[in-house]
2 protein chains.
Amino acid sequence: MLTVALPKGALLKDSIRLFKAIGLDFSAFLESGNRQLQITDPTGTAKALLVRNGDVPVYVEYGQAQLGIVGYDVLKEKAPNVAHLIDLGFGGCRMSVAVKAESPYRSSLELPLHGRVASKFVHCAREYFENLDLPVEIVPLYGSVELGPITGMSEAIIDLVATGNTLRENGLIEIDVLFHSTARLIAHPLSYRLDSDNISQHIQNIRHQIASPV
Amino acid sequence: MLTVALPKGALLKDSIRLFKAIGLDFSAFLESGNRQLQITDPTGTAKALLVRNGDVPVYVEYGQAQLGIVGYDVLKEKAPNVAHLIDLGFGGCRMSVAVKAESPYRSSLELPLHGRVASKFVHCAREYFENLDLPVEIVPLYGSVELGPITGMSEAIIDLVATGNTLRENGLIEIDVLFHSTARLIAHPLSYRLDSDNISQHIQNIRHQIASPV
């Protein structure tokens, strides 16, 4: 049976809407009080796993799910071995460099040599500053990255920004953008090549749906 | 001013109770609707940061907090450069190997060679199986690790177990224990050595409190 990995959090609603539009209904995940992590579509033709955004490529890479939806930021950070098929358009945000509003820095290149940058996107951050040829220390923080500059532990952060509210609330401003991110459809490479579980038909349906939404 | 890093989640309540017993009140973090990540004790003598359990050693290692409370599991997994001072006794749990109840495996050594083990504690898991001389593939999963065996992606998981309810609900059983974990008091090594902000007095008070709680 076709299995799709869906991401918890910000991308879930639009992901479920998309699959519903191509005839697969996983909206049981949205019911309040839902504790299930695995459900079958009412037509019995497909299964969905509800997992962390960052875990989606793992399930797809190991073939436990043939398709998955995940933010481009995760693909950039983890470089998983999956087929990256379609930009789904929703879940738009940007990977940005931010500093305290009262700091003197107005672009990444103005950051001090050997300064500190806090981020949960350690690989993206490292690659970005290597490309700028600016030696900085990346401090790995997995929650409330804003506390880095607020406490003085780091000069800057690199984090995903959607509305910018969290930055504003914490007195931070964006000074540079690494890349823009949206939700992507990914596939298990072998399943995609062998077209197991009629996966290519589903992919084509999603492509049509994205091109001309109903 | 003395700054302490407190962990969000399961250890927070007991951590705040402990500091209250030695005269530092950070209970504002427990008020419903609290969004602050940084507060000062009402006496104005100390500050507390509210951060992820896994981020506590980062703030302490970089000296942004002189003291911190964190689970032993985090210290084992990340091996941060901090002074590990006191076993606080609370927050007890164990790092366990679990498999599907209907699987044939009843100890780690019975797991199949080159099988898969899902865990967010990648280093602990790798070290454990290296010591057993059992080659397995560690699959990094950061949420709902139970889905590993349920979906058939992995034969086993390594995860923290407190009550065992999550395992039972998911049809898994523990077959081995790597180590037991409790909350620990950690300190910034240099602050500890230099006794900045009267930190040794606070540590002594905590030691007394643990030895004979009021």
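**Entry 1. Exposure and the salt bridges between chains**

I count a residue as exposed when its relative accessible area is over 50%, and as buried when it is under 20%. At 53% relative accessibility, B:Glu169 therefore counts as exposed. I note at the outset that this is a predicted model.

I then looked up the partner of B:Glu169. Its side chain meets that of A:Arg35 in a salt bridge, at 3.0 Å from N to O. The pair crosses between chains: A:Arg35 belongs to the loop between α1 (12-21) and β2 (38-40) of chain A, while B:Glu169 belongs to helix α6 (residues 165-169) of chain B. A:Arg35 is exposed, because its relative accessible area is 65%.

Next I looked up B:Arg35 and A:Glu169. Their side chains also form a salt bridge, with 3.0 Å from N to O. B:Arg35 sits in the loop between α1 (12-21) and β2 (38-40) of chain B and A:Glu169 in helix α6 (residues 165-169) of chain A, so this pair joins two chains. Both B:Arg35 and A:Glu169 are exposed.

As background, I recall that side chains of opposite charge can pair when their charged atoms come close.

How many salt bridges does the structure hold over all chains? I find twelve. One that I examined links the side chains of B:Arg17 and B:Asp14, at 2.7 Å from N to O. These two residues lie in helix α1 of chain B, three residues apart, which is about one turn of the helix. B:Arg17 counts as exposed because its relative accessibility is 51%, whereas B:Asp14, at 25%, counts as partly exposed.

**Entry 2. The cysteines**

A disulfide is a covalent bond between the sulfur atoms of two cysteines. A:Cys93 is buried, with a relative accessible area of 13%.

B:Cys124 is at 3% relative accessibility and so counts as buried.

**Entry 3. A sheet in chain A**

I traced an open sheet of five strands in chain A, in the order β8-β7-β9-β6-β10, with mixed pairing. Strands β8 (137-140) and β10 (172-181) stand at the edges; each has a single partner strand, so one side of each is left without a neighbour in the sheet. From one strand to the next, the twist averages 30°.

I then followed one pairing within chain A. Strand β6 (residues 93-100) runs antiparallel to strand β9 (residues 156-161), and six bridges join them. I noted that A:Val97 has A:Ile158 in β9(A) as its bridge partner. Helix α4 (residues 122-131) of chain A packs on the sheet and touches β6, β7 (116-119), β8, β9 and β10 of chain A. The direction of helix α4 makes about 170° with that of β8(A).

**Entry 4. A:Ile210**

Finally, I looked up A:Ile210, which lies in helix α8 (residues 199-211) of chain A. A:Ile210 counts as partly exposed because its relative accessibility is 29%. Which residues does A:Ile210 contact, leaving aside its neighbours within four places in sequence? I find A:Leu18, A:Ile86, A:Asp87 and A:Leu88. I also noted the separation between the C-alpha atoms of A:Ile210 and A:Pro140, which is 36 Å. These two residues are 70 residues apart along the chain.

Note on methods: Residues are numbered from 1 along each chain as its sequence is written. Chains are lettered from A and ligands numbered from 1 in the order in which they are written. This is a predicted model: local features need pLDDT of at least 70, side-chain atom pairs count only at pLDDT 80 or more; totals for chains, interfaces and linings use all residues. Side-chain values use heavy atoms; hydrogens and water are left out. Helices (H or I, at least four residues) and strands (E, at least two) are DSSP runs, numbered from the N terminus. Buried means under 20% relative accessible area, exposed over 50%, partly exposed in between (1.4 Å probe, protein chains only). Contact means heavy atoms within 4.5 Å. Two strands pair if DSSP finds at least two bridges between them. Axes are lines fitted to C-alpha atoms, for helices over the stretch in contact, and angles run from 0 to 180 degrees between N-to-C directions. A salt bridge is a side-chain nitrogen of Lys or Arg within 4 Å of a carboxyl oxygen of Asp or Glu.
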